[in-house]
Amino acid sequence: MSENILEMKDIDKTFFGVHVLDKAQLEVRLGEVHVLLGENGAGKSTLIKILSGAYSREAGQIILEGRELPQLSPKEALEEGISVIYQEFNLVPYMPIYENIFLGKEYGRTILDKKKTIDQARKYMERIGLNEDPKTLVSDLSVAKKQLVEIAKAISNSVKVLVLDEPTASITDTETKMLFEIIRELKEQGIGIIYISHRMSELFEIGDRCTVMRDGKYVGTVQLSETDEDKLTRMMVGKEVCFKKEENKVIDMSEEVLKVEGLCYKELLKDISFNLHKGEILGFAGLVGAGRSEMAKCVIGEYRKDKGKITYKDRELSSSLHKNIEAGIVYLSEDRKDEGLVLIHTVAENIALPNLKKLSSPFLSRKKMAQKAKQYIEELHIKTHSHLSEAKDLSGGNQQKLVIAKWIFSEADIYIFDEPTRGIDVGARDEIYNLMYDLLEKGASIIMISSDLCEIMKMCDRVAVMKDGEIKAILENNEDLTQERILKYALSGGEQYGN
Amino acid sequence: METKKKVNLSEITLYLGVIVIFLAITVACKVVGKDFFTLSNIFNIIAQASITSIIAIGASLVILTGGIELSVGSVVGFAGILGGILIKNGIPVAAACAAILLSGIVFGAFNGILVSYGKVPAFITTLGTMQIARGMALLINAGQPVSGFPQGLSMIMGTRVFGKIPISVFYVAIFYLVVIFMMSYTKFGRHVYSLGGNVNAARLSGVRVKRVEMMVYILCGAFAAIAGIMLLSRLTYADPNAGNGYEMNAIAATVIGGISLSGGRGRIGNSLVGAIILSTLTCGLQIMNVATYYQTIITGLVIIAAVFADKRKERRAE
């Protein structure tokens with residue numbers, strides 16, 4: 001029985017009244033690679049941010065080498081030997097490797113001891129097999145090598161617990177093999193490694209044990225050599241009962257409103273093809289980074305697609321965003337604050353923004369604008385002091401309703417919802433689902449991107465599952481559809497890993 | 001649930017500010033034995049404020065989109081010298097004015113295209129154009145001023161309506177009324193606000209953000225050119241160095257008027273009040289024989305103070 005280098009016990013955290021961590025726990029042994037697994041929003045990142053001092057915890061203990069840690073700042077956590085390497089690196093691109101490694105703890109009082117710094121940097125670089133001149137600028141390095149610089153930086157901080165967040169997301173297979181070699185070496189040196197990844201094949205290759213989280217709660221810890229992908233998937237999904245989908249009476253499978261063929265965009269989308277029928281809700285499931293939002297943005301013309309043909313009602317869709325919006329294809333971003341609303345403007349102004357033409361004859365009627373705003377506030381039960389309140393003063397759910405109001409007013413034809421209920425409480429969710437049904441009744445069709453599998457199963461007629469920029473499967477929502485099945489395509493594209 | 005329009009505290013402060021400054025300067029002048037409240041002084045203030053306030057319309061539009069415009073002062077200078085040369089060479093005043101207006105539009109379009117389509121930061125673009133326009137103003141007449149114009153030119157500013165009121169009051173009134181209406185009651189006006197409020201949300205709402213942004217810079221250039229015509233007519237003398245520092249006056253008028261330098265918020269009408277405050281201060285200081293250098297210092301301080309206050313307000317809101 002090896003000893004625990006790190007224990008996190010009963011960690012609690014709430015954001016705006018939402019319990020994101022509820023008695024979460026994690027134990028990492030000396031010299032083990034511990035995988036942290038869970039769906040999007042399961043609370044992995046929050047837990048890690050609490051460990052690294054980026055967030056404060058509301059309850060619970062963090063015990064490092066048998067010693068309980070108080071609430072630490074990120075800098076103090078680093079000094080305690082806790083290093084997190086995020087997907088977005090914390091490196092200064094136009095500085096050389098050695099300066100990056102020693103940033104903030106340079107040798108020399110006022111004048112830098114450059115020679116000593118370089119020598120020390122070289123020592124750490126050798127330990128992880130980074131064969132580069134320490135004077136090379138970080139901006140000239142490949143992603144994989146930047147990652148190694150981050151690791152070297154962590155070692156130089158005499159790291160005890162190293163967290164790697166999706167370390168293989170943007171590196172090649174060969175580089176992954178090299179990274180694994182280094183991870184094994186660090187393990188030998190007695191460093192505890194927390195490894196976050198969704199790639200099943202990798203987890204079984206590099207991981208020793210795995211802790212699964214769901215909805216901010218601890219589900220269990222298993223020995224990876226004694227489990228398989230199916231078991232892990234079941235732990236991730238749980239036994240949550242999802243409401244079965246109601247019958248969709250307005251769907252017309254003979255009428256195709258949107259057809260996407262061979263859509264490609266940079267490295268992010270590879271040969272995406274699907275169609276959308278009148279009155280249908282087509283779901284897009286997948287993990288964060290699978291390319292779902294990019295797909296939506298290419299369809300509406302926010303991003304310029306590299307290849308592919310998009311047909312809307314028998315006519316090829318232009319690549320001009322405002323023309324597509326005029327034609328009736330709209331996108332309701334997952335990022336309401338940044339892409340959905342003008343937060344410093346009033347509720348009425350936000351509702352009016354895409355509909356100014358309708359409100360003008362030829363000049364904008366302020367009266368009509370107020371009238372329409374009040375109408376939608378009432379119809380959608382938007383809780384706001386008045387139509388002259390600023391959008392930023394509304395709660396998340398009401399902001400989302402406000403975004404929907406904008407587009408109901410515009411009488412669009414195809415609505416692309418991106419995570420329509422993220423961060424919204426349960427009551428408001430049902431209201432949003434009902435609004436979506438109303439849209440279908442009015443003759444619209446819906447594409448719904450969601451990471452909430454229950455929501456997908458409740459709402460969608462068909463589900464496209466994406467992984468790494470590809471559609472792995474388009475599944476009918478019938479009795480055979482289970483959360484496990486969707487997740488399996490999202491995690492491994494349908495292949496089986498483990499024992 | 002109808003709520004009354006919120007009483008805007010900062011707007012009240014602004015309007016009270018005008019009165020306070022006016023009274024303060026009147027008193028200060030009395031103390032040093034000068035008379036501030038005379039007709040000629042008032043006319044002076046109006047003439048000065050009219051030019052600043054017209055440039056401020058353009059500056060306000062740009063600032064509302066979240067941009068900044070530094071080239072307007074140089075465009076005023078270029079406009080003046082261009083008009084001077086044309087009129088001196090026998091081109092009718094009306095035609096010369098049209099040419100001046102066109103030159104402002106060209107400078108504006110140059111800025112606008114670079115900022116919106118070229119994605120060059122507005123600060124850099126307009127700083128560059130500021131140098132370019134000033135250089136061109138010096139170049140076209142080898143740095144020499146032009147003077148000796150026909151009567152028609154001075155009529156543009158010199159006319160008095162109802163025997164007393166300077167005609168520039170009417171120019172300002174008309175331009176401001178049209179722009180205030182435009183901002184509240186046209187698609188373009190609302191789009192300008194949305195751009196500064198949240199450019200991503202605007203684009204995804206179908207606003208043609210690049211076109212709107214470009215139009216704003218074109219309008220800004222046009223207003224600078226109009227100010228150039230007014231200055232030329234008032235001085236009946238074209239100096240290639242004219243308009244120096246006017247961009248700062250326009251920005252100061254805008255921020256005193258309460259338009260947020262981060263864009264999306266504020267009323268253009270208040271920029272006029274800002275311009276009046278500035279020129280009252282300037283004229284007052286001149287009457288009291290305070291060196292004009294102080295005014296430049298004050299303008300700079302006012303801009304920094306206004307932005308500081310704005311940022312603090314934002315932080316508190318978070």
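A nonpolar core is a set of buried Ala, Val, Leu, Ile, Met, Phe, Trp, Tyr and Cys residues joined through C-beta atoms within 7 Å. Keep in mind that what you're looking at is a predicted model. Its largest nonpolar core has 238 residues, and the ones with the most contacts inside it are Tyr415(A), Ile416(A) and Ile55(B). Helix H10 of chain B, residues 209–235, gives the most to this core: 19 residues.

Leaving aside residues up to four places away in sequence, Ile55(B) touches Val72(B), Val76(B), Phe223(B), Ala224(B), Ala227(B), Tyr246(B) and Ala250(B). As a general point, nonpolar side chains in soluble globular proteins tend to be buried together.

## Two domains in chain A

Where they meet, 11 residues of domain 1 of chain A are in contact with 11 residues of domain 2 of chain A. On the domain 1 side, the largest share comes from helix H8 of chain A (residues 229–237), which supplies five residues. By class, that side of domain 1 of chain A has four nonpolar, four polar and three charged residues.

## A pair of helices in chain B

Now hop over to chain B. Helix H7 (residues 168–185) and helix H8 (residues 187–197) of chain B pack at an angle of about 75°, and their axes are 5 Å apart. Angles of 65 to 115 degrees count as roughly perpendicular, and that's why H7(B) and H8(B) are described as roughly perpendicular to each other.

Which residues make the contact between H7(B) and H8(B)? From H7(B) come Met182(B), Met183(B), Ser184(B) and Tyr185(B), while H8(B) brings Phe188(B), Gly189(B) and Val192(B). Sorted by class, the residues of this H7(B)–H8(B) contact are five nonpolar, two polar and no charged.

## Where the chains meet

Finally, the two chains touch: 20 residues of chain B are in contact with 26 residues of chain A. On the chain B side, H8 and helix H9 (199–204) each supply at least two residues. H8(B) turns up again here with the largest share of that side, five residues.

The side of chain B that touches chain A divides into five nonpolar, nine polar and six charged residues.

Definitions and conventions. Residues are numbered from 1 along each chain as its sequence is written. Chains are lettered from A and ligands numbered from 1 in the order in which they are written. This is a predicted model: local features need pLDDT of at least 70, side-chain atom pairs count only at pLDDT 80 or more; totals for chains, interfaces and linings use all residues. A residue is buried if 20 or more other C-beta atoms lie within 10 Å of its own, exposed if 12 or fewer, and partly exposed in between; C-beta atoms are placed from the backbone. Helices (H or I, at least four residues) and strands (E, at least two) are DSSP runs, numbered from the N terminus. Two residues are in contact if their C-beta atoms, placed from the backbone, lie within 7 Å. Axes are lines fitted to C-alpha atoms, for helices over the stretch in contact, and angles run from 0 to 180 degrees between N-to-C directions. Angles under 35 degrees count as roughly parallel, over 145 as roughly antiparallel, 65 to 115 as roughly perpendicular and the rest as oblique. Ala, Val, Leu, Ile, Met, Phe, Trp, Tyr, Cys and Pro count as nonpolar, Asp, Glu, Lys and Arg as charged, and the others, Gly among them, as polar.
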